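Subject: The structure you asked about

Hi,

Here is the structure, as promised. Have a look at it first, then read on for what turned up.

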2 protein chains.
Amino acid sequence: MKKILLLCLLPFIGLAQTNKSVQASRNWINKNGPAIISSYAELLAMPNNAMDNVNIRKNAQYIQNMFATRGFAMQLLEVEGAPPVVYGEYKVLGATRTYCIYAHYDGQPVDPTTWKNEPFQPVLFDQAMYKGGKPIAFPKNGEAVNDNWRIYARSASDDKAPIIALMAAVDALKTAGLKYTSNIKLFFDGEEEAGSPHVGTFIKNYHTLFDDVTVWLLCDGPVFQTGDPTLKFGGRGVTDMELTVYGASRPLHSGHYGNYAPDPGFMLSQLLASMKDEKGNVIIDGYYSSVEPISAFERQQLARVPNIESTLKDDLALNYTEGSGQTLFERLLLPSLTVKGLYAGNVGALARNVIPNTAVASLSMRLVKGNDPEKMLDLVEAHIRKQGWHIVYEDPDHETRMKYPKIVKVDRDKHGFPAAKVSMDHPDILPVIESVKGFTGDKLVLLPSEGGSNHIFEVIFDEIKKPGISVNIVNHDNNQHAEDENVRIGNLWYGVDLMCVLLTMPQTGKVVKK
Amino acid sequence: MKKILLLCLLPFIGLAQTNKSVQASRNWINKNGPAIISSYAELLAMPNNAMDNVNIRKNAQYIQNMFATRGFAMQLLEVEGAPPVVYGEYKVLGATRTYCIYAHYDGQPVDPTTWKNEPFQPVLFDQAMYKGGKPIAFPKNGEAVNDNWRIYARSASDDKAPIIALMAAVDALKTAGLKYTSNIKLFFDGEEEAGSPHVGTFIKNYHTLFDDVTVWLLCDGPVFQTGDPTLKFGGRGVTDMELTVYGASRPLHSGHYGNYAPDPGFMLSQLLASMKDEKGNVIIDGYYSSVEPISAFERQQLARVPNIESTLKDDLALNYTEGSGQTLFERLLLPSLTVKGLYAGNVGALARNVIPNTAVASLSMRLVKGNDPEKMLDLVEAHIRKQGWHIVYEDPDHETRMKYPKIVKVDRDKHGFPAAKVSMDHPDILPVIESVKGFTGDKLVLLPSEGGSNHIFEVIFDEIKKPGISVNIVNHDNNQHAEDENVRIGNLWYGVDLMCVLLTMPQTGKVVKK
């Protein structure tokens with residue numbers, strides 16, 4: 001009886017608290033918008049490639065300090081060979097639930113030559129570059145801030161935005177005198193863009209810190225393409241493969257040997273062209289065989305997702321999409337095979353009259369439930385052999401080169417991981433959905449799985465078997481992983497609102513022990 | 001009668017002079033080898049991309065001064081928008097012939113990231129890098145110099161080597177008290193690697209300087225693969241084409257859009273794979289139709305060229321060569337189509353999880369007699385259209401992108417030129433062949449045409465209708481146009497010998513006025 005009453009009151013209680021929290025957020029942003037942006041620019045100016053041992057630790061220490069000065073008990077968790085996890089906790093007397101907020105402070109590698117600005121010198125634009133935005137000065141305290149402004153820098157969206165949003169939310173709630181309703185833990189990963197190879201080891205080695213977590217709040221990835229608020233319940237798996245094909249033992253003059261020496265650019269093209277048809281379907285035997293169909297419940301949720309096809313095609317300037325006219329979200333239920341990089345010799349002003357001695361393709365594979373990363377790589381290798389290629393795993397020696405006409409070196413990803421999903425109607429998850437809905441209303445988009453991949457999904461859902469939700473705040477057109485990455489200021493403010501809501505969710509429902 | 005006597009004596013007279021000249025060369029090299037190498041390193045340290053207006057002129061002034069101090073009347077010839085031609089002349093009283101020595105002082109663009117050393121910081125190796133050579137200190141005066149040493153730097157072979165060899169030859173002959181037998185002119189081109197677009201204008205605008213040239217000695221390109229001395233009588237034509245294919249209007253996250261957004265890497269591969277079969281034959285309609293067969297005389301000379309197939313395949317580590325088992329020199333009688341560069345996104349450590357928004361291929365086409373550059377480009381365009389592509393010549397606008405599924409931007413080379421050859425038995429050319437043979441003996445290789453292209457062939461042979469010979473000195477394994485370009489010291493010394501021989505050729509035979 002008491003439980004039923006509580007559940008009935010839930011939306012109302014939640015909403016009341018939500019309103020106060022959102023008000024606290026808005027008050028804080030209105031007074032301190034320029035200061036938040038300025039703090040953000042400071043964080044973004046720190047290079048954060050996970051492989052850059054010195055700089056990645058500077059980021060970790062900076063973030064550790066950011067929350068230590070705000071009352072969190074902070075420590076850097078260490079596992080050999082990995083950047084530290086920035087861990088924090090804030091205990092609330094009498095709290096029955098513990099939420100662990102996950103984000104990552106490392107970023108994708110950068111190729112500065114392709115960026116319009118330096119990737120680690122944040123620049124503010126009055127709107128998105130691709131919409132004709134122009135650079136503007138950072139605002140001074142007291143100046144108005146426009147929601148459509150964008151900050152351009154590596155990791156502006158992926159994934160320092162939730163960290164700075166949380167920082168501002170902590171300040172906002174403190175200023176408003178609002179208390180957290182649950183225990184809060186922080187887990188800031190330092191190697192997500194390197195595939196989070198150690199995240200499982202961290203959680204295992206430090207399991208006493210995480211055993212009591214009720215729900216993980218996984219803050220990574222963009223909101224829905226319409227800009228509507230979004231929660232997701234899993235992600236695709238991922239693996240990759242790099243292919244290097246070999247011509248002569250050294251680059252040759254295209255005049256002296258052109259029409260005689262094997263031509264790696266054409267050889268690689270022939271190999272790749274054999275893998276995918278002109279409609280974008282992968283034509284590697286068995287590539288789609290292991291796909292598990294999604295559940296009826298998930299299909300129901302998917303059917304409610306706004307249809308954005310024509311807007312999306314217009315936004316991305318697409319005449320066609322891969323496959324046979326399925327929607328984006330239907331296509332994300334299948335494994336992908338995409339070229340993330342091609343390289344041979346040079347093009348443009350640097351092009352020289354040579355026949356390069358190698359050509360390289362970097363392939364990305366996104367996986368869905370049922371796809372095993374190793375087996376998917378095996379399928380590609382089997383296909384390559386069927387096309388008459390000899391596969392090597394190191395650069396071939398002279399004898400091997402003399403023996404085989406078509407040689408390809410295969411570099412298999414060693415950090416691939418499968419897709420992972422949590423059930424959308426898990427009893428510990430429903431209250432979080434309700435709290436967020438109390439703030440966003442019905443426009444909240446619920447997606448069974450995102451197209452992207454985060455090793456943390458697999459670790460949380462499949463290894464330690466805890467529920468989690470992907471809580472997204474950044475704009476979808478953020479150029480994540482590419483050059484000119486950016487965050488829309490309005491999305492940053494939405495993130496502050498949402499963090500305030502999450503930190504003050506009502507303690508409702510029974511905690512499910514697993 | 002007198003003429004017959006002279007022709008009979010020719011080999012003997014030539015040989016006597018040759019012996020003295022070569023002795024002068026060797027004496028000079030033995031005493032001054034380290035100093036010549038040191039001067040060469042100084043010249044190679046000057047960046048020499050034709051587009052680099054400031055540095056290319058530094059090279060020109062340096063070379064102008066090099067020969068001015070050695071008794072040549074020097075001037076910089078100017079044509080708007082071009083690096084200067086370094087022109088020089090040395091008049092010999094009573095000379096009946098005038099030889100113009102052509103070389104170029106500009107070099108191919110460099111991509112320093114692919115070089116083992118800085119391209120403009122010359123390094124000396126004790127043998128070729130690819131044979132396991134190690135860097136060594138530059139020799140001091142008096143120290144022994146080994147023929148197998150190599151200098152690594154951009155333009156070490158292509159094409160500053162003939163310039164430094166000529167410098168040393170001038171010094172060698174002066175020291176030995178030997179006089180030039182013909183008038184000598186110098187024409188050092190500053191934009192050969194940019195296709196020598198102004199060479200015709202230079203020769204036309206300054207025609208009074210060149211009207212009296214008997215034979216052009218075109219010093220560019222390597223000796224035969226066996227290392228044997230080589231003369232060539234023409235070159236292939238050349239043109240190129242850059243293709244850019246388009247996916248979405250911006251790079252996309254490979255997770256969020258993989259399996260949905262068009263994939264430029266695969267699209268480009270499919271287009272390229274349609275152009276060439278697995279044997280290396282171009283399968284574009286009409287690509288081989290316009291080829292003119294070579295003459296019976298040329299075919300005779302070709303039959304005498306040493307068969308180097310097995311050595312060459314071993315040297316280049318080739319299991320197969322393009323076509324159906326023809327020799328290199330047979331293949332060079334056909335037009336080529338090779339990929340000189342492929343580019344999309346990134347590979348290796350810089351690879352990011354994106355679907356790039358474009359993919360680019362830079363194609364090179366070498367042409368033979370009968371091929372018109374523009375018509376060959378037209379054939380490729382027609383082929384592309386037949387594959388269902390929409391061709392644009394500028395980046396497509398939004399409307400165009402929405403209208404066509406497969407869009408490719410075609411950048412046609414504007415500086416292509418056709419193949420050009422001179423008759424091997426031209427009466428003004430025979431005495432030069434004889435002189436060189438007097439020094440080299442019968443191992444001299446005579447090739448009707450080289451695989452490479454030099455606009456100067458077309459200008460000299462077809463526009464101003466003068467005879468010319470391609471006089472080659474550098475090693476064939478010089479990585480010309482690629483990274484780690486180098487020259488073998490023994491070839492540099494051969495170049496000094498040969499320049500001494502050419503500067504002191506007997507004045508024999510009747511000059512043919514054309």
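A quick definition to start: two residues are in contact if their C-beta atoms, placed from the backbone, lie within 7 Å. Some housekeeping too: this is a predicted model, where local features need pLDDT of at least 70, side-chain atom pairs count only at pLDDT 80 or more, and totals for chains, interfaces and linings use all residues. Residues are numbered from 1 along each chain as its sequence is written, while chains are lettered from A and ligands numbered from 1 in the order in which they are written.

**How the chains meet**

Of the interface residues of chain B, 99% are also interface residues in chain A, so the copies meet through the same surface. In counts, 81 residues of chain B are in contact with 80 residues of chain A. Several elements of chain B give two or more residues to its side, including strand 11 (237-246), helix 7 (264-273) and strand 15 (358-367). Helices (H or I, at least four residues) and strands (E, at least two) are DSSP runs, numbered from the N terminus. Strand 13 of chain B brings the largest share of that side, eight residues. Sorted by class, the side has 36 nonpolar, 29 polar and 16 charged residues. (Ala, Val, Leu, Ile, Met, Phe, Trp, Tyr, Cys and Pro count as nonpolar, Asp, Glu, Lys and Arg as charged, and the others, Gly among them, as polar.)

**A sheet across both chains**

Strands pair if DSSP finds at least two bridges between them.

Within chain A, strand 11 runs antiparallel to strand 15, joined by ten bridges, with A:Val238 and A:Arg366 as bridge partners. Five bridges join strand 11 of chain A to strand 17 (residues 407-412) of chain A, also antiparallel; A:Thr244 partners A:Lys409 there. Nine of the ten residues of strand 11 of chain A are buried (20 or more other C-beta atoms within 10 Å of their own, C-beta atoms being placed from the backbone), so the strand is largely enclosed by the rest of the structure.

**Domains of chain A**

An automatic or database domain assignment gives chain A domain 1 (2-235 + 419-503) and domain 2 (238-291 + 334-412). Their centres, taken over C-alpha atoms, are 37 Å apart. Four residues of domain 1 are in contact with six residues of domain 2.

Cheers

Terms used
Buried ≥ 20, exposed ≤ 12 C-beta atoms within 10 Å, placed from the backbone.
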